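Opening the notebook on a new structure. I want to look at one residue and then at the sheet around it.

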Amino acid sequence: VKSKSSSVAPAKSKTPILSKTALDVVCILDSSGSMQGTKMDSLKAAMRFVVSTLGPNDRLSVVSFNSSATCMHHLLRMTDEN
């Protein structure tokens, strides 16, 4: 028995394309003396992940603290320049 193969076009998705809502993210980083070695390495890896997942419409602010808080920068759009 021979079967005839027919070409089937892929189904088009009926799911609408949704735009992503821009995010404002504030990261508060512990820069005290207890954050040495693997703790600091983990913090750096976490920040690389955050930065890599944010889009160009998202904004990021970084606050560092040890005995007091210091705003490293206010909310900045995640562009190549920033």
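Is Ala69 buried or exposed? I looked up its relative accessibility: Ala69 comes out at 61%, so Ala69 counts as exposed (over 50% is exposed, under 20% relative accessible area is buried, in between is partly exposed; 1.4 Å probe, protein chains only).

Before going on, a note on the source: this is a predicted model, where local features need pLDDT of at least 70, side-chain atom pairs count only at pLDDT 80 or more, and totals for chains, interfaces and linings use all residues. Residues are numbered from 1 along each chain as its sequence is written, and side-chain values use heavy atoms, leaving out hydrogens and water.

Next I placed the residue. Ala69 sits in strand β3, residues 69-77 (strands are DSSP runs of E, at least two residues, and helices are runs of H or I, at least four, numbered from the N terminus). Leaving aside neighbours within four places in sequence, I find Ala69 in contact with Val63 and Ser64 (heavy atoms within 4.5 Å). I also checked Asp30: it lies 39 residues from Ala69 in sequence and 9.2 Å away, C-alpha to C-alpha.

Then the sheet. I see 3 strands in an open sheet, ordered β1-β2-β3, with mixed pairing (a pair needs at least two DSSP bridges). The edge strands are β1 (24-30) and β3, each pairing on one side only. Strand β2 (residues 59-65) runs antiparallel to β3, and 6 bridges join them. For Leu60, I noted Leu76 as the bridge partner in β3.
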